[in-house]
Amino acid sequence: GPSNMFIDSDAMRAKVHENIAGKEYNVTDLYHETGVIQAIAKSSKFGSLTLVVITLNACWMGLDAECNNSNDEGRYIPNCPAQVSDVAFWITGENMFCMLFTLELLIRFFAFASKCSALRDGWFKFDSVLVALFIVETWILPVALSGNVDSLDNLAPLRMLRLLRLTRMVRLLRSVPELVTLVKGMAVASHAVLYTLLLLVMILYIFSIIFKCQLESAEDPRLRTYFSSVFRAMWTLFLAGVLLDNTATIGELLMVQNMGLATMFLFFILVSSLMVYNMLIGVLCTVVAAVAATEKEKALVTYVKSKLMTVLDQLDEDKNGTISREEFDQLVDIPEAITALGELGVDIPNLMSLADFLFEEDASDEPSIASTMVKPRPSDLDDPGRSFSGSPAGLMSPDKTEGEGKTMTFSDFLEMVIRLRPENQPAVADIVELRKLLLKGHKKANARLELIDTRPTDLTRMTQIVRTQIDDALDLSHRFTRNAV
């Protein structure tokens with residue numbers, strides 16, 4: 001379909017529900033189930049300690065950039081805990097962080113049940129590359145250069161690679177959901193931001209041509225400098241008109257030069273800064289709000305799924321990945337399941353009232369009500385002397401047991417439960433389900449009316465058969481009595 005620059009919150013929420021019964025990826029599922037190393041790797045304290053080390057290493061790199069510059073050798077640097085000449089201090093710090101990161105990576109590596117599984121985890125591969133560069137810089141190169149640490153300063157590309165260690169701070173985002181929401185909002189809004197900036201560039205280009213042509217022969221040399229070319233005019237308008245930097249100076253110069261140009265400059269500020277620029281801010285706010293709502297629902301769905309999936313797996317005795325009506329009746333009696341459904345906002349009484357509909361067979365799969373009646377065979381009616389083979393008391397007794405109802409997969413059940421939250425707005429799918437429910441009820445009502453219409457005829461036939469059998473029994477009794485006498 002056509003592209004849309006604005007965020008589609010419904011589509012984002014729909015993605016949350018995709019493969020809802022699927023198991024969430026967790027690297028700890030690839031670890032050993034027993035052992036000391038896997039216990040350490042799965043420990044929350046180990047993860048927190050790793051984040052602390054990453055933060056301290058980022059601070060260390062800042063200190064190193066500030067106080068360990070080879071260009072400042074021999075000069076005292078104020079407010080620094082160590083000077084460039086304190087070589088032992090800097091070497092000790094680098095080796096300590098290198099050992100910590102190497103130990104952390106080795107613990108995670110030996111925790112994997114299959115070592116090849118380590119290649120499936122993106123974070124492990126990312127950290128492996130950074131630790132490898134760290135080891136090369138800290139241990140291998142000094143040995144290769146015969147301990148001449150000063151030679152490392154001449155390897156400018158290597159010093160640039162050291163900055164890659166700062167990318168490990170991205171792992172800190174995982175522990176701060178608010179930062180994750182902001183970053184995801186920025187990524188989702190990139191489409192809208194791109195089009196907004198394109199509109200802003202077009203406006204800048206149009207006005208820069210106008211000001212360039214009008215100010216080529218300006219009396220003030222500063223105006224001729226600010227608008228000496230189209231690109232320079234765009235830069236001046238961007239700083240003064242969009243970012244509102246030095247706006248008063250440009251405006252006063254234009255007012256002295258020409259009131260018409262000053263008025264056009266004010267119009268440019270209204271269009272670019274107060275309209276387009278603020279519209280961009282509004283788009284970003286809308287996107288971040290939508291992403292925040294999606295992340296909140298994702299967290300809630302993940303929590304409820306983790307709770308319900310555990311219970312459903314326990315109830316699923318045949319391990320077919322489905323839930324039946326009987327299993328559903330047991331589910332609502334489990335306190336953990338009720339708590340999870342309540343936290344999701346599901347109306348439990350309403351869910352129970354819809355259980356018959358949720359687990360009811362489709363109309364095409366159900367036997368008709370009239371077909372479940374026990375009817376006398378034609379031979380019984382043609383030969384009244386023959387005993388009736390049906391059940392005299394069971395005019396409505398079915399020939400076969402009533403269907404137990406359909407089963408639902410865990411995915412369909414969880415999706416149905418989420419859709420039954422009271423705060424959800426009705427969708428087209430809900431109207432379709434309502435139409436199917438009404439149609440099914442209409443067909444059942446017609447079947448029952450048909451049954452009522454056919455019942456008197458069947459009762460008459462049954463009565464005739466019973467009377468005939470009674471008369472035959474009395475006649476046999478009289479004959480037996482006369483023969484006995």
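Predicted model: local features only at pLDDT ≥ 70, side-chain atom pairs only at ≥ 80, totals over all residues.
Ala 39 is found in helix H2, which covers residues 36-42.

- Between Ala 39 and Thr 28 the C-alpha to C-alpha distance is 9.9 Å, while in sequence the two are eleven residues apart.

**Helix H5**
- H5 runs over residues 122-144, and its 23 residues reach 31 Å from the first C-alpha to the last, which is close to the 33 Å expected at 1.5 Å a residue.
- At Val 136, H5 bends by about 40°.
- The buried residues of H5 include Phe 124, Asp 127, Val 131, Phe 134 and Thr 138, and these five residues also take part in the contact with H4.
- Leu 130, Glu 137, Leu 141 and Pro 142 are likewise among the buried residues of H5.

**Packing of H4 against H5**
- Helix H4, residues 87-111, packs with H5 at an angle of about 145°, the two axes being 10 Å apart, and the crossing is left-handed.
- On the H4 side the contact is made by Glu 94, Asn 95, Phe 97, Cys 98, Met 99, Phe 101, Thr 102, Leu 105, Arg 108 and Phe 109, and among their partners in H5 are Trp 123, Ser 128, Ile 135 and Trp 139.
- The residues of this contact between H4 and H5 divide into twelve nonpolar, four polar and three charged.

Conventions. Residues numbered from 1 in each chain as written. Heavy atoms only, no water. Helix = DSSP H or I, 4+ residues; strand = E, 2+ residues; numbered from the N terminus. Expected span 1.5 Å × (residues − 1). Bend = angle between axes of the 7 residues up to and from the residue. Buried < 20%, exposed > 50% of the residue type's maximum accessible area, 1.4 Å probe, protein only. Axes fitted to C-alpha atoms, helices over the stretch in contact; angles between N-to-C directions. Left-handed = near helix turned anticlockwise from the far one by under 90°. Contact = heavy atoms within 4.5 Å. Nonpolar A, V, L, I, M, F, W, Y, C, P; charged D, E, K, R; others polar.
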